[in-house]
Each structure stands twice: as structure tokens, then as C-alpha cells.
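Reader: Please take me through the terms used for this model one at a time. For each, I would like to see the value set against the definition before any conclusion is drawn.

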Amino acid sequence: MDTMTFVLFGGTGDLAKRKIYPALYNLFLEEKMPSTFSIIGLGRNESTDKDFQESVENSIRTFSRRLSDNGSKIEQFLTTIRYSKLDARNKEDYQRLLQLVKDREEELNIPENRLFYLSVAPEFFDVIALNIKESGLGTTNGWKRLIIEKPFGQDLKSARLLNQNLNNAFKEDEIYRIDHYLGKPMVRNLEALKFENPVFQALWSNRSIANVQITASETVGVEQRAGYYDQAGAIRDMFQNHMLQLLMMTAMHAPKQKDANEIRAEKRKVLEALRPLNKDEVGKNLVRGQYEAGLVNNKNVPGYRDEPGVRKDSQTDTFIAARLWIDNQDWAGVPFYIRTGKKMPEKSTRIVVEFKRNHNDIYLNKDPNLLVIEINPNESVSLILNSKNPVNGELEPINADYASSQLDVPDGYELLIYDAIRGDSRFFAHWNEVELSWKWVQPILEAFDEEQIPLHGYTAGSNGPDAANRLLEEDGFSWWLDK
Ligand code: BG6
């Protein structure tokens, strides 16, 4: 693996503390970091290297899934870290940073391989990318890569503009767009489940599948993020990115090769075949909701509009359920129901595949077979089959299941950062996917803005508005496994 410099913008922020330093440290413990590397954290305040290293140590001790037996590994890791003060718009700060990067490269004999991670507010993405270019930081003899995380724009137009700006400084194959759902081990496992098992490969199409249900429910509400969330809503926060990624990963065909280009090409085909929703069809296929006061985990919680920082007349959705159709040979006629919401009864991200019943006069297939893939917070795969009860001889559903027993599952950020260091972009969102997702979502945003789609209230702690149930009932189905 190439030796390199990891430059972290937003190095004193929350994500850095909770996820990025612990991820780097765990990779280091597992000897998955290059033999030599340098980490440079950037923040707006003055700090010495020593103070900064101490704060990194704190975050590792608080958030890392593993620590070493004695302190020596942490000590060793901390010696790789330096700090530099940086205001994203101040050109001189970039010159100082460039000098520091070069000094460390020389000191450690590291070629000019530079990984820039922008863990900052989205309005700084293009400012920083441009300054990386103009300062000379982006002119290297080795490789350079940029990691950014959503939101990539607020709509199709702003996403395109952002991308153009990024492309002035980085080429597409140098940009690693994190969708942290692609870091989840069970999402990465979908490929194996579908394509390494001939039994599922044979069944994975409209010949055998009646419908697919993808749910990401959360018990949390808007928390302290009203400033962002009230502008975004569930449609931008979860649906346009994580949910459509789950759809792509579920419905994509086997790639010709297991490489990033082929995998991303197959994912793109899913979005290209996704039936566009015209504005006047949004209401028939999509339900939006906002939570009202209720009971979650036996605790009374306020309604969305009474959350701190939320407008009293907010029309923002905290719940979306939609019916999608993929118009290709394999999926024609199979509805994909996708649902996500806050303040629901449980935290659960899961994919439920409902198989067709084989009606005939003798075997009635009372209950359908289901394949249930739990992604988050528990990881499991189960297959629900019909079986005869040995005592009374009655048919009953039984569960053939596997649950991950490994407590020490790596965090998604660990897997994603490891990929980016190695230049493996399979589990990052390509611009084509991002653009096609926004394109599909755009009429929905417009229909919302024009207030064409009713905003249903739902009681906190429920599974969303009743209209979300009716969406499936229209097709003769219902949501599986709701609490
Ligand atoms: C984030 C959203 O991208 O994903 C949050 O901004 C949401 O609103 C979170 O809570 C859910 O992620 P996870 O990994 O907990 O399912």
C-alpha cells in the first residue's frame, strides 16, 4: 500500500472525533495503514501539536471499538499526527499547510500521495477544493484523492454546480463520495448473498419476487440539527442518497467484473431504468409525513414543530414512503416500497424480499416466503419458510436464520477509509449515481414546494401515517415485520 499523507479538514469536529480518528487508529492496530504515513489535522483555532494529539487520544479512548493492551500503540499512532490552523478562505493558511505537508513528506520520505478528507460544512466543499488546487497542495508527483460526504447539493441544479466546481480541482476518479450506508458490512454483503448463492441468483427477479420492501426507521428525531434538517427533510437527508443506494445495491445485476467501473455501471443502470415520477404522479406513489407528539421507548416526546430550532409552521417531512418501479426485463411488475422516518418505534434498517406464492389447488402457500436482511443496528439474514409443526401437523412459518455473532465488526468509516487509502472506489458514490438520484427526486421536491403533496401527521412512536399502509394495500400487500 502506498505511503501517504492524510489531510483532515474539520479535524477538530464531531465526525473526526467520533469516527475518523478511531477508524484510522483501528486500521493502524490491524496493520492496515501504510508502513509510513502522516496525518495532519486542521481546525480554526490555534493549538500545539501536543494539545491536538491529546485531544485525538481522548477521542480514541472514548470512541474506538478497540484499544491496545498497553498504551504503546496509541503513543506510536499519535506521533504521526500534526496540527495546523486553517481558515478555509485564507490563502496564507494553505501555504503554511503546504509547507507542513512537504516538510513531513521529506522527513518521513513519503512520496507526494495526498488524501484530503473534507469533514466540513458543505458550503466549504468547493472553496477548499479550489484552494487545494491554487495553493499547489494538489500538484503532486504521486496521487491525490478527495473524500467528501453528503449533502452533495440540495437539488439537481446545486449538485451539478458543486460537481463542476469540484471537477476544476479533482478528476472524477480522484473524488471519493462517502455514503456511509455503503460502509455498512451487511450492505457490502448484499453482493455475496445475491451472487454467490445460486439459489438466490435463480430467484432474484420478477419471476419469483412479488415485492421488495426497504425500510430505514429511526427512533431519534431531529436532535440538535434543526438548522440543517428543517431545510432538508427526510427526502434529502435519507431518501435521495442512502435509500436509493440501498435500492441500487438490491436490484443491480451481477457485474461482469468485481471492479469499481463495472459495479458502478450496473448500479447506474438501475437508476436509468427507474420509472420517472412526473409531478402529477408523486401524490399517487409517495406519502410524506411529519411526527407529532407521542411515546417513543416509553418516553413522551414532543412533535417535530416543537423541537428546538424548528419553525412552528414547518412543512418539512420527517417520513417518506414511496412505491418505485424499475422498468427493465428483470424487475418489470415488481413494486419496490421504500420507507424512512424519524421517531418510529424502532431503529431498524432492513430489506424484506417477499417471494411470489405458488397457488395451486393442493399446496396453498398460505404465507409467502420472505428473505429478511437486517442491516442496522443488528446484522442478520433470515429466510421465512413454511414448515409442518411436528406436534400438531399444522403448517407454520419457520425462520432459518443467521445473525452476525462477531461483536467486533469494523465501523463503516474504517472500511471506507481503508478503501480510499487503497484507491478502491467500489463503495463510493459515482457522480452519475448522484446526478441520476437528484434527477429522479427533483419532481418530488418541486411537488413538495408547490404544496401538491399532503403532509400527514403521525404520532411519534408509530410506523408513520396510515397512508403509507394504504400504498401497499392498493397492490394487495402490507409492510412486513412492523413492531
Ligand atoms: C445520516 C442522516 O446520513 O444518517 C441522519 O443525516 C440519520 O439524519 C443517519 O440519522 C442514519 O444513519 P444510521 O447509520 O444510524 O442508520
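Author: On a 1 Å grid over the protein atoms alone, a cavity is a set of points where a 1.4 Å probe fits but cannot get out, and its lining residues have an atom within 4 Å of a point. This is a predicted model, in which local features need pLDDT of at least 70 and side-chain atom pairs count only at pLDDT 80 or more, while totals for chains, interfaces and linings use all residues. Residues are numbered from 1 along each chain as its sequence is written, and side-chain values use heavy atoms, with hydrogens and water left out.

Reader: How many cavities of 30 Å³ or more does the structure hold, and which residues line the largest cavity?

Author: There are 5 cavities of 30 Å³ or more, and the largest has about 90 Å³ of space, where a volume is the space filled by probe spheres set on grid points joined across faces, edges and corners. Its lining is made by Lys150, Phe152, Asp179, Gln240, Asn241, Leu244, Gln245, Met248, Ala429, Glu433, Val434 and Ser437. Helix H9 (226-251) and helix H13 (431-449) are the elements that give two or more residues to this lining, and H9 has the largest share, with 5 residues.

Reader: What makes the space of about 370 Å³ a pocket?

Author: A pocket, unlike a cavity, is an open set, with protein on both sides within 12 Å along at least five of seven lines. The space of about 370 Å³ is the second largest pocket, and of the 20 residues that line it, Arg288, Gln315, Thr316, Phe448 and Asp449 are the closest to its centre. H9 and H13 each supply at least two residues here, with H9 giving the most, 6 residues.

Reader: Why is Gln290 called buried?

Author: Buried means under 20% relative accessible area, exposed over 50% and partly exposed in between, computed with a 1.4 Å probe on protein chains only; Gln290 has 6% and is therefore buried. Gln290 lies in strand S8 (residues 286-292), strands being DSSP runs of E of at least two residues and helices runs of H or I of at least four, numbered from the N terminus.

Reader: How do you know that the side chain of Gln290 makes polar contacts with Ser314 and Thr316?

Author: A polar contact is a pair of N or O atoms within 3.5 Å, where, within protein, one must be able to donate a hydrogen and the other to accept it, and residues adjacent in sequence count only if both atoms are side-chain atoms. The side chain of Gln290 has a polar atom 3.1 Å from the backbone oxygen of Ser314, and reaches the backbone oxygen of Thr316 at 3.0 Å. Contact in the wider sense means heavy atoms within 4.5 Å, and beyond four places in sequence the contacts of Gln290 include Tyr304, Arg305, Leu455 and His456.

Reader: Why are strand S7 (residues 209-217) and strand S12 (residues 335-341) said to pair?

Author: Two strands pair if DSSP finds at least two bridges between them; S7 and S12 are joined by 6 bridges and run parallel, with Ala216 standing opposite Thr340 in S12. Helix H14 (residues 466-473) packs on the sheet, touching S7, S8, strand S11 (319-325), S12 and S17, at about 15 degrees to S11, such angles running from 0 to 180 degrees between N-to-C directions of lines fitted to C-alpha atoms, for helices over the stretch in contact.

Reader: What makes strand S16 (395-403) and strand S17 (455-459) edge strands?

Author: The open sheet has 9 strands with mixed pairing, in the order S16-S15-S14-S13-S7-S12-S11-S8-S17. S16 and S17 each pair on one side only, which is what marks an edge strand, and the twist averages 20 degrees from one strand to the next.

Reader: Why does Ser205 count as buried?

Author: Ser205 has 1% relative accessibility and is therefore buried, although the residue is found in the loop between helix H8 (198-203) and S7. Beyond residues up to four places away, Ser205 touches Asp330 and Trp331.
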